[in-house]
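User: I want to go through the labels in this model and the values behind them. Here it is.

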Amino acid sequence: MMTSPPPPAAAAEEMDEREMIDEIWSSYDKDHDARIDRTEYAKFMRDVGRMLGRDISHLTLEKLFTRADRDRSGFLTKHQFTTLIGEVRKIRPAEGKQGDPIVSLNERVIIDELWNTYDLDHNKRIDKSEFLKFMNDISEMLGRKISRSEGERLFKRGDSDHSGYLSKHQFERLIKEFII
């Protein structure tokens, strides 16, 4: 008996999930050795804890790592890491925190990548010309032309302290409002 392929919406969700895990994987596999070591894992879990609004105990960290590291290699393969993400999603967020910590973490990864790409002079702030470059590039990805004046208006809205620059926090707010 042949099974039918998943409906398009389900297939798209599965692809989005895989892409999200790929983004997170790339961000934490710092040495690009196709495995997550304990240091990379600790950084990942600290970030997850921040997304959840709680500290994750050392015991919980060890338990989750041991459960995911089925071959006892001391490293996590991408498949094991994907399993770990399923376990992480079961951790309850702190009071007042909502949403999926993995989706939040993926947003953080994307924002960090954008920040590192468009802070062209690496001075830890984005000036108007850097922002306009970002807007030009992003408009191509969105398939919608964004005029220079619209980009300037967005920059002005994001530059709430009128410094002529966007801090990472201001940039993040604009990204979340405009893109994510």
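Analyst: Ready. Note that this is a predicted model.

User: What makes the span of helix 2 close to the expected one?

Analyst: Helix 2 covers residues 38–52, 15 residues in total.

User: Why is aspartate 37 said to cap the N-terminal end of helix 2?

Analyst: A side-chain oxygen of aspartate 37 lies 3.0 Å from the backbone nitrogen of threonine 39. The cut-off for a polar contact is 3.5 Å, so the pair qualifies.

User: Which residues of helix 2 are called buried, and by what cut-off?

Analyst: Buried means under 20% relative accessible area. Glu40, Tyr41, Phe44, Met45, Asp47, Val48, Gly49 and Leu52 are buried.

User: Why is aspartate 127 said to have no salt bridge?

Analyst: A salt bridge needs a side-chain nitrogen of Lys or Arg within 4 Å of a carboxyl oxygen. For aspartate 127, the nearest side chain of opposite charge is arginine 125, 7.2 Å away. That is beyond the cut-off, so there is no salt bridge, although aspartate 127 is buried.

User: What makes the pairing of aspartate 127 and serine 129 a polar contact?

Analyst: Their side chains are joined at 2.9 Å. The limit is 3.5 Å, so the label holds. Aspartate 127 is found in strand 1 and also touches Phe155, Gly164 and Tyr165, not counting residues up to four places away in sequence.

Key. Residues are numbered from 1 along each chain as its sequence is written. This is a predicted model: local features need pLDDT of at least 70, side-chain atom pairs count only at pLDDT 80 or more; totals for chains, interfaces and linings use all residues. Side-chain values use heavy atoms; hydrogens and water are left out. Helices (H or I, at least four residues) and strands (E, at least two) are DSSP runs, numbered from the N terminus. The expected span of a helix is 1.5 Å times one less than its number of residues. Buried means under 20% relative accessible area, exposed over 50%, partly exposed in between (1.4 Å probe, protein chains only). A polar contact is a pair of N or O atoms within 3.5 Å; within protein, one must be able to donate a hydrogen and the other to accept it, and residues adjacent in sequence count only if both atoms are side-chain atoms. Lys and Arg count as positive and Asp and Glu as negative; His and the chain ends are not counted. Contact means heavy atoms within 4.5 Å.
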